[in-house]
Amino acid sequence: MRTIDVLVQGATVELFHFYGVAIAPADTGDCREEARLHIDPASTIDFFAPGFCGVLALSANPGVFRAMKGLPPMPEGFSDWMREVANQLMGKVKSRLARFQISLQTELPQLRHPSDVERRHRSCKQLFCYSFRTLKGEVFVTLGGDFDDGSLIFSNASPLPLDGKVILF
């Protein structure tokens, strides 16, 4: 299993567990075209760093968002929370990559139609697909872009503060 797979899968499971949703990775095989389609809408976040650039996309069955504990009511749908959860997932991936001396810069999350996500993935050199199952439906995460595994150099000294630490401005 690739390092990036462990980072993304672990971050996704940790995030959904925080919101009280039991989630487990499902086998996506070889990321076949029919297996990598997001449901509508999908939330995407562009990112870049030396040796890494691309887009992270997240989509989930609406029942998954309804099952999340600690979220305020969503009278207008769950699209705002989909962007927020994608942003939190990207933050977890970003902090895990910081242990490998990769300092990602990220854009704001956007809602996209699945065909837009697929079109963006076609131009990517690499595409990693992660499917997860919950009791309320599926969660799908894709990571497309250009990744240099050789640039992953593990270090115990994280440039980011740990959760709960005070940051003085």
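Two strands count as paired if DSSP finds at least two bridges between them. Strands themselves (E, at least two residues), like helices (H or I, at least four), are DSSP runs numbered from the N terminus. The model is predicted, so local features need pLDDT of at least 70 and side-chain atom pairs count only at pLDDT 80 or more, while totals for chains, interfaces and linings use all residues. Residues are numbered from 1 along each chain as its sequence is written, and side-chain values use heavy atoms, with hydrogens and water left out.

E6 pairs with strand E7 (residues 137-147) in the antiparallel sense, over nine bridges. Two residues lie between E6 and E7, and the two strands form a hairpin. Within this pairing, Gln126 has Gly145 of E7 as its bridge partner, and Leu127 stands opposite Gly144 in E7.

Each of these strands has a further partner. Strand E1 (residues 24-26) pairs with E6 in the antiparallel sense over three bridges; here Ala26 has Ser131 of E6 as its bridge partner. Strand E3 (residues 52-60) pairs with E7, again in the antiparallel sense, over nine bridges. The bridge partner of Ala57 in E7 is Thr142.

Next comes accessibility. A residue is buried under 20% relative accessible area, exposed over 50%, and partly exposed in between, using a 1.4 Å probe and protein chains only.

The cysteines can be treated briefly. A disulfide is a pair of cysteine sulfur atoms within 2.5 Å, and the structure holds zero of them. Cys53 is in no disulfide, the nearest cysteine sulfur being that of Cys124, 8.1 Å away. That distance is too far for a bond. Both residues are partly exposed: Cys53 has a relative accessible area of 36%, and Cys124 one of 21%.

Last are the aromatic rings. Rings of Phe, Tyr and Trp (its six-membered ring) pair if their centres lie within 6.5 Å; planes under 30 degrees apart count as stacked, over 60 as edge-to-face and the rest as tilted. By this rule there is one aromatic pair. The ring centres of Phe18 and Tyr19 are 5.1 Å apart and the planes stand at 80 degrees, so the pair is edge-to-face. Phe18 is exposed, at 63% relative accessibility, whereas Tyr19 is buried, at 7%.
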